[in-house]
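Colleague: I am new to this one. Show me the model, and then I will ask how you know what you say about it.

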Amino acid sequence: MKKLTISACALLLAGVAPFLGACNDSTPQPGVRFFYKMDKLDPAALDSSDQTMEQPVAEEENIEEYVKRYDANAASRQARPTVAARPAAPKPAAPKLDPPLASAEDIAAAKARVEELRGKCVTAKNGAITGITVDSDQTTLEDMKLFGRLADLESFFFLGSTFTDEMLQELKDLKKVKSATVQNADITVETLKMFATYPELQTLDIRRDLKIENGDLAVIAEFPKLERLNAYYNSFTNSGVNKISKSQTLKVVDLRGCADISDSAAKYLARMPELEEVYFRFGVSDDGVKNLAAAPKLKFVEFQDCDITNACVESLAEFPALKGLRVFRSKGFTNEGIQALASLKLERLELRDLSASDEGVAALQAMDSLREVELSEMAISTEALNALFTSPNWANVETLNLFAVPVTDDNVAAIANNMKNLKNLRVRASGGKNSDATIDSITKIDSLVSLDIRENTGISAAAFMKLASMKNLRKIYVKDTKFGESGDDVVKMREEFKKQNPKCQIVTEG
């Protein structure tokens with residue numbers, strides 16, 4: 001037994017000798033790898049009784065040869081043409097501005113002269129004068145000749161009897177004018193004929209130009225692009241309105257204060273194919289409202305000091321395109337009429353100085369199409385106002401005008417909580433019912449662009465400073481408030497406000 005064991009060992013040693021020799025050789029054989037199965041009883045120990053070997057693999061490359069090949073490849077890469085980086089997109093060039101049509105000398109002289117007359121110029125980016133406002137009896141013929149050379153002029157506003165046909169004829173060569181205003185002036189049809197030659201004129205204001213007669217208004221139909229005519233407080237009659245109605249382009253006609261017109265004027269205006277807005281003061285009754293129902297595109301109508309009654313709402317419901325209504329100081333229009341309005345799909349509703357109360361305005365809660373609302377100079381309780389301001393149907397109101405109604409801090413809080421799209425808010429002369437809490441609520445109306453808070457002395461100047469955080473706010477009216485006072489401390493606060501919100505205009509006058 002012992003001899004067999006030794007023989008077996010000899011044979012084993014003879015079979016593995018070459019490998020043992022290789023193991024003892026200090027130079028390892030290339031590519032030889034050993035694998036061991038783990039001992040299942042002792043995972044930490046190698047099972048040397050079960051060795052296996054693989055055949056040698058290819059000998060690894062010589063390091064010097066590898067370096068040579070790397071260098072050659074690097075040189076090849078450097079020889080390749082580099083791809084240029086894509087250039088950044090060029091910034092768009094600022095649009096090239098055409099030079100003014102008027103000479104630099106005339107522009108400078110006109111600015112200086114308008115300043116002397118305490119007027120105002122509007123200047124374009126290229127330096128051209130595009131607008132002029134002058135209200136002075138010191139204006140001369142030479143001034144008008146100078147203004148007539150301002151070929152870039154797009155609008156002018158002249159007020160006063162100094163402006164005659166002779167003076168305005170100096171503007172006959174202007175071709176860019178879109179808006180012409182000549183109020184309280186001494187002009188006749190001759191000036192109207194000259195204006196009719198303006199190829200771009202869209203707005204004409206001839207308020208209180210009392211020398212213009214009925215027959216003169218026939219020229220209005222000759223204006224090629226006229227869209228708006230402000231002719232209020234003139235002395236012409238229904239006959240003159242009949243001449244105006246021949247226009248095929250007019251969209252807005254304002255006849256407020258023309259006391260000699262009547263329901264027939266409304267009948268003539270209803271024939272106008274493009275009429276969208278009309279304004280009356282005096283002379284129109286329920287019959288006039290009925291006549292206007294024939295106007296195909298009429299969207300807005302105002303009745304101020306008119307003899308309309310609640311019954312006119314039946315006619316208003318027949319207007320094919322009506323979206324807005326203003327009723328001002330028309331005493332025959334009361335709660336019953338306001339309640340009837342709730343059935344109309346109006347976007348703009350303005351009610352001022354009417355014989356109305358909570359009973360009437362309560363019906364307005366149901367109007368879900370309103371975007372512009374005025375409630376002024378009426379005996380409405382704060383409770384009735386709150387019911388309106390919290391109505392879900394009023395959530396999309398964008399303009400809210402409240403003048404001389406008892407709006408409280410709680411009312412303003414209701415407005416802020418419900419009307420998240422409000423852009424224009426007027427809370428004027430509310431009878432001392434507003435405190436600093438009103439400002440706290442207003443600061444929550446992120447969409448607000450314009451705020452009129454005049455005649456509210458219960459609000460401190462310091463509270464107004466909180467409005468500087470409202471980055472969309474562009475204008476605040478503060479006359480007759482503590483923030484509108486002229487004391488040094490308040491002036492410094494307004495200056496600080498402007499630093500914090502330079503885009504917001506603070507209006508202390510008017």
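Colleague: What makes C306 buried or exposed?

Modeller: Its relative accessible area is 4%. Buried means under 20%, exposed over 50%, partly exposed in between, with a 1.4 Å probe and protein chains only. So C306 is buried. C312 has a relative accessible area of 1%, so C312 is buried as well.

Colleague: What kind of model is this, and how are residues numbered?

Modeller: This is a predicted model: local features need pLDDT of at least 70, side-chain atom pairs count only at pLDDT 80 or more, and totals for chains, interfaces and linings use all residues. Residues are numbered from 1 along each chain as its sequence is written, and side-chain values use heavy atoms, leaving out hydrogens and water.

Colleague: How many disulfides are there?

Modeller: A disulfide is a pair of cysteine sulfur atoms within 2.5 Å. By that rule the count is zero. C306 is in no disulfide: the nearest cysteine sulfur, that of C312, is 9.8 Å away.

Colleague: Why does D106 count as buried?

Modeller: Its relative accessibility is 15%, so D106 falls on the buried side of the cut-off. D106 is found in helix α3. Helices (H or I, at least four residues) and strands (E, at least two) are DSSP runs, numbered from the N terminus.

Colleague: What joins the side chains of D106 and R149?

Modeller: A polar contact of 3.0 Å. That term means a pair of N or O atoms within 3.5 Å; within protein, one must be able to donate a hydrogen and the other to accept it, and residues adjacent in sequence count only if both atoms are side-chain atoms.

Colleague: What does D106 touch, leaving aside residues up to four places away in sequence?

Modeller: L146, R149 and L150. Contact means heavy atoms within 4.5 Å. L146 is also one of the buried residues of helix α4, residues 141–148.

Colleague: What covers the buried residues of α4?

Modeller: The cover includes α3 (104–116), β4 (129–134), β5 (155–159) and α5 (165–168).

Colleague: How confident is the predictor?

Modeller: pLDDT is its confidence in each residue, from 0 to 100. The mean is 89, and 85% of residues reach 70 or more. Over residues 1–59, pLDDT stays under 50.
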